[in-house]
Amino acid sequence: MRVDFVTKEYPPHIYGGAGVHITELVKVLRERIDARVHAFGEPVSEPGTLGYPIPAQFTDANPALQTMAVDLAVVKELEGAQLIHSHTWYANFAGHLGSMLYSIPHVITAHSLEPLRPWKAEQLGGGYAVSSFIEKSAYEQAKIVIAVSNGMRNDILKAYPDLDPDKVKVVYNGIDSQKWQPNHDSETVRELGVDPDKRSVIFVGRITRQKGLPYFLRAARELPKDVQLILCAGAPDTKEIKAEVEQLVAELSAERDGVIWIPEHLPQPKLAALLTQADAFICPSIYEPLGIVNLEAMACGAPVIATATGGIPEVVVHGETGWLVPIEQVSDGSGTPLDPEKFISDWSSAMLGALESGNLKKFGEAGRVRAVEKFSWESIASSTLEVYNLALQG
């Protein structure tokens with residue numbers, strides 16, 4: 001079986017969960033099928049993988065037009081595939097056109113939804129209307145849509161009510177538990193500016209509305225002064241949110257020591273070392289289809305404090321592997337808390353309660369077990385192949 005994958009993210013250009021997902025999935029599937037990858041960016045030296053830079057005449061165009069230009073270049077190379085599997089709206093256009101042009105099934109894995117990210121209009125301008133159009137068209141015509149959680153499946157059917165519920169299947173994201181495991185490396189932790197002998201909480205993620213970093217920074221004002229705040233946060237979506245985070249970090253730093261901001265993308269072993277030494281991993285997201293970052297933290301033995309939204313409650317078990325912070329959200333698709341001050345206060349209470357609970361080590365160990373047993377890439381690859389067979393039967 002030849003399956004062609006289309007993705008914006010692929011090594012060495014990974015900045016989010018979708019890139020991690022396709023990298024690990026392809027690695028396992030290549031042992032079972034002919035898996036070919038079409039990725040945005042310069043060509044890479046990997047058999048069966050092609051890279052597609054932005055065509056020269058589009059380098060100064062709106063990002064949505066740049067995406068479409070790359071996708072058109074991809075479509076030509078999809079001929080001969082038995083099935084196309086696209087990831088995120090960036091790749092959905094190529095998958096949709098390739099499916100029509102070559103009369104082959106198109107499977108989509110939904111890692112996020114444009115209707116639930118209205119803040120992207122800040123980043124893309126009119127391009128957000130284009131990305132929304134592309135995603136809607138592709139979803140409605142795809143053979144099967146894979147949701148990475150049951151929460152995500154519900155969001156898909158709500159966002160696109162014309163979809164046949166029977167064609168929306170759930171296959172979780174996964175974790176490489178050999179790669180992500182406790183890494184007790186105090187020397188690396190110290191080199192990154194963190195004192196391994198002091199308490200700490202850690203946030204890892206892009207600086208985007210979705211990840212909720214400003215809410216955490218406001219809630220962190222209530223934490224004891226001896227607790228270090230580690231922020232592995234970069235790739236801001238807009239200059240506005242970057243400025244907001246910079247201001248909040250400056251205010252915290254003026255009030256307390258131990259605010260460590262690491263903006264660069266860390267190599268995996270260094271990040272694992274930080275996760276291992278942390279007393280708790282923080283996930284204040286207001287939109288999260290599943291949250292691979294939570295699995296990475298759990299696999300490293302860190303208990304997780306996370307917002308009870310999207311697919312997060314399917315990963316983090318409240319009172320067993322961590323703590324879930326309740327949230328009531330407005331109904332405009334943005335995920336914005338109905339009462340931001342209450343959400344911030346609830347986050348402060350959850351972090352304080354977790355740090356004083358005496359359960360950090362026990363919850364961290366339980367999280368490691370859950371990540372290993374429930375979210376392996378081998379089982380996820382098998383479930384994905386079952387979806388492919390369904391798509392090819394129809």
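How many bridges join strand E9 (residues 228-234) to E10? Select both strands and you'll find three, with the two strands running parallel. Strands (E, at least two residues) and helices (H or I, at least four) are DSSP runs, numbered from the N terminus, and two strands pair if DSSP finds at least two bridges between them.

A quick note before moving on. You're looking at a predicted model, where local features need pLDDT of at least 70 and side-chain atom pairs count only at pLDDT 80 or more, while totals for chains, interfaces and linings use all residues. Residues are numbered from 1 along each chain as its sequence is written, and side-chain values use heavy atoms, leaving out hydrogens and water.

**Stop 1: the sheet around E9.** Click on leucine 229 and look across to E10: its bridge partner there is valine 259. Now widen the selection to the open sheet of six strands, in the order E10-E9-E8-E11-E12-E13, with parallel pairing. E10 (259-261) and E13 (322-325) are at the edges with a single partner strand each, so one side of each has no neighbour in the sheet.

**Stop 2: strand E4.** Select residues 83-87: five of the five are buried (under 20% relative accessible area, with a 1.4 Å probe and protein chains only). Leu83, His85 and His87 cover one side, and Ile84 and Ser86 the other. On to the partners: E1 (residues 2-7) pairs with E4 in the parallel sense over five bridges, and valine 6 has serine 86 as its bridge partner. E5 (residues 106-110) also pairs with E4 in the parallel sense, over four bridges. There, isoleucine 84 stands opposite histidine 106.

**Stop 3: two helices.** Show H1 (residues 17-29) and H14 (residues 377-393), which pack at an angle of about 80° with their axes 9 Å apart. Axes here are lines fitted to C-alpha atoms, for helices over the stretch in contact, and angles run from 0 to 180 degrees between N-to-C directions. That makes H1 roughly perpendicular to H14 (65 to 115 degrees). Among the residues making the contact are Val20 and Leu25 of H1, and Trp377 and Tyr388 of H14.

**Stop 4: asparagine 294.** Leaving aside residues up to four places away in sequence, asparagine 294 touches Phe281, Cys283, Val304, Ala306, Ile312, Val315 and Val316. Contact means heavy atoms within 4.5 Å.

Methods. Buried means under 20% relative accessible area, exposed over 50%, partly exposed in between (1.4 Å probe, protein chains only). Angles under 35 degrees count as roughly parallel, over 145 as roughly antiparallel, 65 to 115 as roughly perpendicular and the rest as oblique.
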